Amino acid sequence: MSDYILEMQNIVKEFPGVKALNNVDFKVKRGEIHCLVGENGAGKSTLMKVLSGVYPYGTYDGNIIYNGNEKQFKSIADSEQEGIAIIYQELALIPELSVYENIYFGHELMEGKVINWNQTIVSAQEMLKKVKLDVNPSIKVKDLSVGKRQLVEIAKALSKNVKLLVLDEPTAALNEDDSANLLELLRQLKLQGVTSIMISHKLKEVVSIADTITVIRDGTTICSMDAQEHKITEHEIIKYMVGREIENIYPKRENKKFGDVCFEIKNWTVRNPALDREILHNVNLNVRRGEIIGIAGLMGAGRTELALSIFGNTPKYTITSGDLYVDGQPKHFKHPKEALKSGVAYVSEDRKGNGLILIQDIKYNISIANLEQLTEGISLNENKEITIAKEYQRSINIKAPSIKQIVGNLSGGNQQKVALAKFLFVGPKVLILDEPTRGIDVGAKFEIYSLMNKLVEQGMSIIMISSELLEVLGMSDRVYVMSEGTITGCLAAEEATEQNVMAMATRVEEVV
Amino acid sequence: MSNSNETGKVGIGQELLGLLKTNIRDYVMYIALVVIFVIFSFMTKGLFLSPRNLSDLVNQAGYVAVIAIGMTVILIIKHIDLSVGYVAGFLGAVAAILMKNGLPAIVAIPIVLVCGILIGVYQGTLVAKVGVPAFVVTLAGMFIFRGLLSLTTAGTGTIIIKDEAYKAISNGYIPDIPISGNVHLLTLLIGIIAIVLVVYSQIKTRNNLRKYNFEVSSMPILIGKIVFLSAIIMYIMWILAGYKGIPWTAVIVAIVLLIYNFILNRTRLGRYIYGIGGNAEAAELSGVNVQKITMFAFCSVSMLSALGGILYSSRLASATPTAGTGFELDAIASSYIGGVSVNGGIGRVTNTIIGAFVIMSLTNGMNLMGIDISYQYIVKGVIFILAVAFDIITRNKRK
């Protein structure tokens, strides 16, 4: 009974327009490694934010019982006080500060009213030893690799005397060696009595490390499986995650017809002036009319940077060499506007960050990229705008009571459809979709896949960047794989399997 | 209520309540303006609402109103311009010097407006192209233009303006139709035209909404709204007609307001301005040239500051070394009181004008009551912060 360190009961969390969590039950045994899996948008991260107090007590329904007592965390400080530490995908370290400053940031070692820096450095070294990270604690965090930063985060958690460690996709950005190290560290910590909850999409890891696996789908707990007693296969987990056989998720296209190459980049090399380093090296890529190409790769492989450098967002990226062709014509886009004019559109991976104007309504967002077409004389024809917005609402099934609905209140799937409609209205030849189904539910995903198929059947070309390997494999006619800013392979649909794509995605070019 | 047998239709009471809920911010502003008017007319024994004082109020509010319109655009795109006051003061002095050297007003005014645009190009370039925060650029501008104002007025002190046409801008009134008697007929006529336009646009908007099956307000509410607006227009026109008619300042403010209202609501440029304020990165990735629009906003606010400087120096018939002091505070306060969001992306120039009238009514009323300037600042500051806090609370609630 009391061997549960944590019990979350009937957790319900609503956002305007979406029920992110709907009666989730989640129990974690003391001293185990518990993996939480589910599709993007299933509610895993939301659940962890409820646990940590990011969503304070009162903004959700349900109970949290920790160490046998009911808790009402009102802030992260409350949950940290109890020994709960969460390490997010976006690491919460301060790049300009040193490793030891970061480890004790927020709970500085004091001597009276002043910080005892000597003690801090000594203690930081101890913590680094525990996570087996051999770096000088005075080095700045920005000079560490992503994998090492991850370990610094864990060292920070350990310095706070953590009892329950939560890791949100800790290996998403790591290569195979770093991932293996991290998993080994978790096993060690388990022996020292630290309970871990790990959110992960990498099912292979989940199967290898988990004592218990809980699957969440569409905001509800589907099942919780004991992985110690009997072996659980990846296939089993997937079945629970998606709720149906995988074959059904990706609608098949009948009689594919590919035209000429309509978009191509050659020897595309790009620098990031802010980071002062080359981020893309000699990328070659092309797409034919009527074709969907997928770009697979791990986080940080340079896929979004590739798309943005193509789309003409030049202040952030300097193209040092390379050529770009649309329908065989050489082009150079200085601004997204020019790309759109040439028929190249880019739908962002980050709907809320730079994809949509959330405080405006649906019709505003649909029309913003192509107001030229709605302008008569000097003024806008708002009637035409309404007609067009309504047409898109109907044709791609944006679920909203009216096109005057504020976009910020829509669910992720409907927001994604608005973002798509915005660029479809421009009438592009080449559509670059960056993580087109991130954070949206299975139903909306299927609709977006069907729409993609329809678009290529009409002669459009689609470049799809996705971190969901199954999605890339399910939808693409050809798969490009990227790693550390280079294309490490291009596979035809028939030869692309999870194994060989992953092998290419983790291929690290030796820097001489 | 009446909706017992008509399912689907909502009673007027409920509709009013709904309107109140969604537009509470605007209504509170109108109510605040009315309350201010009532309090001042009571405290000054009716002097505040006298035709003469209301005419004065319009002339006083004019320069703040035009600058506030420019400021609203700047605030919508999430920047700020602190230099507007001294730009207005400096360019007012430039106008005075040009006319002192024999140029007629009709030549001096365009030159000054172009100078305003050039100042906008300078500040806009630093903000949009170089990437210096607007706060810093325009704070530096505050120093620079304050210095330039002192320099231009250094030799002579206050520069007297003798050009009659120039002085008439903020002291004169539109001419009347010759045949009329005591009442300013043209003023009344303009009032009637304005009412006809209001009725026409309200009905047109409603029909349009209906055509696309959007929710429309019920007939009684529409009529109520039209009657209310018409009554206010007629009341103001009647009072002005009883004095000397519509001041030229009001005409200028109205033209600037109409142009900017049209730009913001009916043109591509306006859409882009709101888009940049809502999410600059998303706007950029939708093909909006954020740099260009930012340049426009800075040029426009500096040009309107120049216009404000013209109105102010015309009002005083002179350029003084202290002209422009504190205009930026009044302009920013007017915009925020008028409902511009502190997070950018939201705001209407029509409401900014109301905000400007709130601020200038406070100044005018407290002056009539003989209240010390120190207290005036405190009162304005308190009202300003209350307005913004209220704005944030109502917006958060709606989420």
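**Briefing: a predicted model with chains A and B**

In chain B, helix α4(B) passes helix α6(B) in a left-handed crossing, a term for a near helix turned anticlockwise from the far one by less than a right angle, clockwise being right-handed. The contact is made on the α4(B) side by B:Tyr86, B:Val87, B:Gly89, B:Phe90, B:Ala93, B:Val94 and B:Ile97, and on the α6(B) side by B:Met142, B:Phe145, B:Arg146, B:Leu148, B:Leu149, B:Thr152 and B:Thr153. Two residues are in contact if their C-beta atoms, placed from the backbone, lie within 7 Å. This is a predicted model, in which local features need pLDDT of at least 70 and side-chain atom pairs count only at pLDDT 80 or more, while totals for chains, interfaces and linings use all residues. Residues are numbered from 1 along each chain as its sequence is written, and chains are lettered from A and ligands numbered from 1 in the order in which they are written.

**Helix packing in chain B**

- Helix α4 covers residues 84-100 of chain B and helix α6 covers residues 134-154; they pack at an angle of about 25°, with their axes 8 Å apart.
- Axes are lines fitted to C-alpha atoms, for helices over the stretch in contact, and angles run from 0 to 180 degrees between N-to-C directions.
- α4(B) and α6(B) are therefore roughly parallel to each other; angles under 35 degrees count as roughly parallel, over 145 as roughly antiparallel, 65 to 115 as roughly perpendicular and the rest as oblique.
- The residues where α4(B) meets α6(B) comprise 10 nonpolar, three polar and one charged.
- For these classes, Ala, Val, Leu, Ile, Met, Phe, Trp, Tyr, Cys and Pro count as nonpolar, Asp, Glu, Lys and Arg as charged, and the others, Gly among them, as polar.
- A second pair in chain B is helix α7 (residues 164-171) and α12(B), which pack at an angle of about 100° with their axes 7 Å apart.
- That angle makes α7(B) roughly perpendicular to α12(B).
- From α7(B), the residues B:Tyr166, B:Lys167, B:Ile169, B:Ser170 and B:Asn171 meet B:Ile310, B:Leu311, B:Ser314 and B:Arg315 of α12(B).
- This contact of α7(B) with α12(B) has four nonpolar, three polar and two charged residues.

**Overall form of each chain**

- Chain B has 15 helices and two strands; helices (H or I, at least four residues) and strands (E, at least two) are DSSP runs, numbered from the N terminus.
- The radius of gyration of chain B is 22 Å, close to the 21 Å that the globule rule gives for 399 residues, so chain B is as compact as a globular protein of that length.
- The radius of gyration is taken over C-alpha atoms, and the globule rule is 2.2 Å times the number of residues to the power 0.38.
- A box of roughly 80 × 60 × 40 Å along the principal axes is filled by the C-alpha atoms of chain B.
- In chain A there are 17 helices and 24 strands.
- Chain A has a radius of gyration of 24 Å, which agrees with the value near 24 Å for a compact globule with 512 residues.
- The C-alpha trace of chain A spans about 70 × 55 × 50 Å along its principal axes.

**Burial and sequence separation**

- Buried residues are 42% of the 399 in chain B and 44% of the 512 in chain A.
- A residue is buried if 20 or more other C-beta atoms lie within 10 Å of its own, exposed if 12 or fewer, and partly exposed in between, with C-beta atoms placed from the backbone.
- Of the contacts in chain B with a separation of 6 or more, 78% are between residues 24 or more positions apart.
- In chain A, 69% of the contacts between residues at least 6 apart in sequence join residues at least 24 apart.

**Where the chains meet**

- The contact between the chains takes 27 residues from chain A and 22 residues from chain B.
- Helix α11 (residues 268-285) of chain B supplies 11 residues, the largest share of the side of chain B that touches chain A.
- That side of chain B has seven nonpolar, nine polar and six charged residues.

**Individual loop residues**

- Most residues other than glycine have a negative phi.
- A:Asp327 has a positive phi, near 50°, and lies in the loop between β16 (318-326) and β17 (329-331) of chain A.
- With 15 C-beta neighbours inside 10 Å, A:Asp327 counts as partly exposed.
- B:Ala317 also has a positive phi, near 55°, and is placed in the loop between α12 (290-316) and β2 (318-319) of chain B.
- B:Ala317 counts as partly exposed, with 16 C-beta neighbours inside 10 Å.
- A:Asn381 is in the loop between β20 (379-380) and α13 (382-395) of chain A.
- Leaving aside neighbours within four places in sequence, A:Asn381 is in contact with A:Leu374 and A:Glu376.
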